Amino acid sequence: MRRILSLWLPTFATDRVARGLTPPLPADDALVTRLSDRGRLTVAAVNAAARAKRLVPGMGLADARALEPQVRVVDADPEGDVAALERLADWARRYTPWTAVDPSDPPGFGPKGLGGGPGLLMDITGCAHLLGGEHELLLDLERRLAKAGFEARAAIADSIGAAWAQARFGAQLVVPPGGAAEALADLPLPALRLGPDLVASLRRVGLRRVGELMRMAQGTAGGAGSKNRAALAARYGALVALRLDQALGWVEEPLSPRRARTRHTARLTVVDPISTPEGLAQAVRHLLGRVAASLTAAGEGARSLELEAWRIDAGHDVPPQVLSVGASRPNRDPAHLWRLLEPRMDQLEPGAGFEIMAISVTHAAPFDGGQAVLSGDGLADLAGLPAAQTGAAAGAGNSLVADPPIAELVDRLGARLGHGRVLRLLPRQSWIPEQAVRAVPAEAQDNSPPAAPPAAAPVAWPADRPRPIRLLPRPEAVEVVAPIPDDPPLLFRWRDQTYRVGRAEGPERLLPEWWEGGERRPNPNPEPRDYYRVEDAEGRRFWLYRLGLYHAGGPPPRWFLHGFFG
Amino acid sequence: MPAIPPPISAVRPTACPSGACPRGTYPEEGQSEGALDRQRLLAVLREQVRAVEAPGTGRGVVPLGVPAVDAHLPAAGPGEGGAHGLPRAALHEVVAAGDLDAGAATAFTALLAVRLAEQVRGPILWMTRAPDLYAPGLDAQGVGPGRLVVVHAACEVDLLWAMEEALRCPRVGAVVGEAGGLDLTASRRLHLAAETGGVPGLLLRLNAGKGGAMKGLKGAGRGGGRGSGRGDTQATAAVTRWQVGTAPIYADDSAASAFTGPAWRVELLRCRGGRPGAWTLYEREGLRLEAAGQVAVPAPEMPPPASAVVPFTSTQFPSTGRAVG
């Protein structure tokens, strides 16, 4: 049975404003935010004092001033509200890994006169005991938010619908498992997350409480219920029945967490905050051991995992400190995972100490560590090919990092330097020299979702076209003395030095790729390049090209130096 | 750890290694099996001297395949047939002769890396800070995309750390590091790591002290740009130090239209357990090396004087470049 906590922050926007005010806002001062709505200034959110003076969201600002001349008005900041709410959701992961933002309700939803107000949804299944029970968790959450200056109401129930209803309409903080129907029966119809139009039309037929709707939909005898439900759906749409079923937990309603849900997590809540490096190491290794056990049970290994740590002195809008590491192949050896995390541990700032630490596997994949892994050479032997050929074909495969010690080395390098810095340079089908190389992170091959079928012809650089071993990132202009129209240069001048060409070979004409460009994205280099390999008097070999052709009357083509041969 | 023979004290507890001790301290002199013991002792001592002079040869040597060059390289241990070549588990250094010889030095390094990695057939890790390494060119030198891992280090410290880390992993074929500033201690660490992991390490020094390959080109003085490799590069703990430049090959090549493989002017500036030398090497089809001419340095224990290295008998330097077309 799932246990869902719904947190409602009815005055989130104004509380955010009030928190930033110095001196603090007196408790009975009205505060509203204003929003320009099609040229008309309206009230976007109100605080408790304003609400008491009958100011409601959606009314014109002029009306609000008429009701309460002393009202303080600030500009609404919807984006800031959303960002703050997301930070709050991150913070709330101290209670459970699965938290989601519950956006503000549209006007007309929720309790009358209170307006929308966003909230959070948290799946606390199996998490409450860490804080001593659901009641304690709830009180802890509300106490921390109250301290931060937020008015908060929260409830726990079996379903999102029931928890949502209790947080906004009910008085029961914790609905015991299986008690949703009973707890909902006395609540008004808007508690089912129905819009004002639907509520009004249901009210017209005399339905005022959720319980009445429930009795009608269920019926008493077997057949009657479904008939009534059909009638209900035909008349009021499927939403009414759906919301009812969701609230009662008969229809599963997914909670889409802010973060990928993971099956392998381990949390550690400590009484004495951890701050020493040794203590942190011990805690992390303990957590890794638990994650590894979970991975082993599932036959999986971790491709990436995340360490989160909450400081004891961190406020509600301070997200946990996070360390993420990736492994090149699924791994579940705690010692290896620790080696990945260890060099990063000094990035954590324990300050007064961490009270909660958690490790979650953000990407798990089937574990094949027990099997013999074919290396590139093994593949070559099987196919009867020389290793050089498989080397060229390995672009599609992953032979390189299949070797566990190599994979661990790549992980270690990537963990410290960044995975974008440990690369494999694979061929790409392009004649343009600077586009012929595709850099992929060395660890990103194994178990990635099926990309190109490996049976496809392997891309390789053509062996009959000599390429330099050093390629200037940006071709550099040179001045040349060259016979017109197609001859290689006799002399060229680059960076203030003149080189006399002893021997040259070429041209190799590279045309711009026709599929590049088009009207929307014009090709920056529409002209052909004629490449020459030239050797100067001392035997140094350069790669020069001429951009464009000679045209009568047109500007002469330009020459560039692009690379150096070995 | 390399197979180091037992320390002297284990063989001859009373003798002084310097040989200054009186003869009487040698054990069992004149006995029938004494001659045998002495033979054994001499062999052990030779092995120890060799291990000191040519560190890294304990894991075998890799011949370059050019007899003229290989004769200058240290010999392998007695168990390996006495072949000469580059010690595998050791740090080597390749210095570009001039600013514009980055290509030649890179290609020569790639060639050495492929040779040294042949036994393990593991990946070749190439640590660099420069953005200009071009994989198709490396592919042509035998470092194909299937075995190349490039590590783009953000700073010198990261680069050295990554090199050391890779050198300790025995499954790695070879590690190439384009290190700029590098002191004796840092290179000693690298050599130690290479010995520990049994992985060949190659320091590629394109522009000693400047980091990138092409950075130093701006405003490079004319004067051929040669000779900088020997002077401004600090001493390192590398077992061999090569200086690589280019050699013009068209002068004696009648088929002037064909671009053959590269010609390199390769100098072995320093070689522990071997002798310095200088050669003009051609790279032929299949990455085979051929020596054109060789000037042996007369006294092997003396460092080569700068002037003794220059003459190349078989490649005449042209007075003027011959234009094409």
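User: What share of the contacts in chain B between residues at least 6 apart in sequence joins residues at least 24 apart?

Analyst: The share is 69%, where a contact means two C-beta atoms, placed from the backbone, within 7 Å. This is a predicted model, in which local features need pLDDT of at least 70 and side-chain atom pairs count only at pLDDT 80 or more, while totals for chains, interfaces and linings use all residues. Residues are numbered from 1 along each chain as its sequence is written, with chains lettered from A and ligands numbered from 1 in the order in which they are written.

User: Why are helix 1 and helix 4 of chain A called roughly perpendicular?

Analyst: The axes of helix 1 (residues 12-19) and helix 4 (residues 78-91) of chain A, lines fitted to C-alpha atoms over the stretch in contact, come within 10 Å and cross at roughly 90°. Angles of 65 to 115 degrees count as roughly perpendicular, and the pair is therefore described that way.

User: Which residues of helix 1 and helix 4 of chain A meet?

Analyst: Phe12(A), Ala13(A) and Arg16(A) in helix 1 meet Asp81(A), Ala84(A) and Leu85(A) in helix 4; these divide into four nonpolar, no polar and two charged.

How values were computed: Axes are lines fitted to C-alpha atoms, for helices over the stretch in contact, and angles run from 0 to 180 degrees between N-to-C directions. Helices (H or I, at least four residues) and strands (E, at least two) are DSSP runs, numbered from the N terminus. Angles under 35 degrees count as roughly parallel, over 145 as roughly antiparallel, 65 to 115 as roughly perpendicular and the rest as oblique. Ala, Val, Leu, Ile, Met, Phe, Trp, Tyr, Cys and Pro count as nonpolar, Asp, Glu, Lys and Arg as charged, and the others, Gly among them, as polar.
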